[in-house]
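Subject: The structure we talked about

Hi there,

Here is the structure, with the sequence alongside. Please have it open while you read my notes.

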Amino acid sequence: MSDSSDAEKTEAASPKRLEQAREEGDIPRSREVATFTVLMAAGVGLWTFGDGLVRQLNSALVSGLTLDQEQIFNSNVLLQRVALDIGRVLLACLPLGLALMFVAVISPILIGGWLFSAKAFVPKFSKLNPINGISNMFSKNALVELFKAIGKAVVVGVVAWMVMMKQQDAVIGLAVEPLRLGTTHMLNMLGSSFLYIVGALGLIALIDAPYQLWHYADKLKMTRQEVIQESKESDGNPQIKGKIRQLQREMARRRMMADVPTADVVVTNPTHYAVALKYNDGMRGAPKVIAKGTDETAAKIREIARENKVIMLEAPALARALYKHAEIGDEIPATLYAAVAEVLAYVFQLRMYSKGGAPRPTEPKVLDVPPELDPHNPAYVDKFGNKPNLDNGAPA
């Protein structure tokens, strides 16, 4: 069952999954890279500070083995001398120690970066399960670690043998060299040999670093179901979100319908489109669209308009242009000012007529609607440069 589950993990880890892993202290790490950087720093440090370190240690050794009568018979003086010699040794080793400490702290940046996680200190009793321990011994990762250990042993052994063969004559020659010169020569050979061997470990580190990154990414892979579940937890269930959007649209529709009785005029198509306009005389700004819709919504707007005795005017081109280019609550486009002004003039004259103070106005039949604003005019071009398909059964 676990094999089939692992086989299904084909999706890369999500940012949330990676963040959870970091919080638990699980990040990519390469022991080979850390070992290589620390050993290389030690080699370079010995090469750089070696001469001064040897002189200080030699001086401390000579001082420690040189005793006068006062030191022999006075323990306090002897202890002070020993403490002084220990301080000299520690001071001599301080530059090398600081360099190694700095590299040990900086090396995690190379892979995984710094991380401090309190969860990593929480004991996990599942790790004490002997069955899990036995299964880990025969896991793919354990096999890789075995091959790495064998590879390190082979590489280090081969490089060490090559270095020894190259320097065997020099090693034999140390026996006939003066003590001080021979000691310096021997330390130089040891330092160079150490750097060669550590350099060989660098080959292992170069292989291990990308492998650890790949292994970490592969370990955190997710199944498609896990990705879907995480998306639901993060963004919400799509069905619930769809229901919320539906409720929001319904509430917006109800608010829109509630504004229809306050409209000055409803421009219709006459059956497929309906746009309700309102103009507050005395206020700055152009007339606004307070409701619009097609088909069933348009029929509902017309019904409410009839019930509330709102004037309706059939102007197909203007209705389509207003529906296409003006949103609810927005002012009408400036290019439709002339056409809408003519409509509103008719509406105000009709009101005066209904009060008995003016003759009945003539209903406007031809309005100044730019052809490029009418979606059902061949001259219309949308914002994407597309012309309308007038044969697709769209409402006219």
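This is a predicted model: local features need pLDDT of at least 70, side-chain atom pairs count only at pLDDT 80 or more; totals for chains, interfaces and linings use all residues.

Residues are numbered from 1 along each chain as its sequence is written, and side-chain values use heavy atoms, with hydrogens and water left out.

Let me start with the annotated spans. An unreviewed UniProt entry carries the annotation "transmembrane region" for residues 89-122, 143-164 and 194-214. Such positions are given in the numbering used here, feature names are shortened, and annotations may be inferred rather than shown by experiment. In the model, residues 143-164 are 100% helix and 0% strand, with end C-alpha atoms 31 Å apart. For residues 194-214, the end C-alpha atoms also lie 31 Å apart, and that span is 100% helix and 0% strand. (Helices, H or I with at least four residues, and strands, E with at least two, are DSSP runs numbered from the N terminus.)

Next, a helix pair. Helix 7 (residues 140-173) packs with helix 8 (residues 179-219) at an angle of about 160°, their axes being 10 Å apart. Helix 7 is therefore roughly antiparallel to helix 8. (Axes are lines fitted to C-alpha atoms, for helices over the stretch in contact, and angles run from 0 to 180 degrees between N-to-C directions; under 35 degrees counts as roughly parallel, over 145 as roughly antiparallel, 65 to 115 as roughly perpendicular and the rest as oblique.) By class, the contact of helix 7 with helix 8 has 16 nonpolar, eight polar and seven charged residues. (Ala, Val, Leu, Ile, Met, Phe, Trp, Tyr, Cys and Pro count as nonpolar, Asp, Glu, Lys and Arg as charged, and the others, Gly among them, as polar.)

Now the salt bridges. Side chains of opposite charge can pair when their charged atoms come close. A search of the whole structure finds nine salt bridges, each a side-chain nitrogen of Lys or Arg within 4 Å of a carboxyl oxygen of Asp or Glu. One of them joins E11 and R224 (3.7 Å, N to O). This pair links distant parts of the chain, 213 residues apart: E11 is in the loop between helix 1 (2-7) and helix 2 (15-23), and R224 is in helix 9 (residues 224-235). Another joins E226 to R17, with the closest N and O atoms 3.8 Å apart. Here too distant parts are linked, E226 in helix 9 and R17 in helix 2, 209 residues apart. R254 and E250 also form a salt bridge, at 3.6 Å between the closest N and O atoms; both lie in helix 10 (residues 238-259), four residues apart, about one turn of the helix. Finally, E32, K148, K152 and D208 are linked in a network of salt bridges.

Most residues other than glycine have a negative phi. D295, however, has a positive phi near 50°, and K309 has a positive phi near 55°. D295 sits in the loop between strand 3 (288-294) and helix 11 (296-307), and K309 in the loop between helix 11 and strand 4 (312-314). D295 is partly exposed at 40% relative accessibility, whereas K309 is exposed at 77%. (Buried means under 20% relative accessible area, exposed over 50%, partly exposed in between, with a 1.4 Å probe and protein chains only.)

Best wishes
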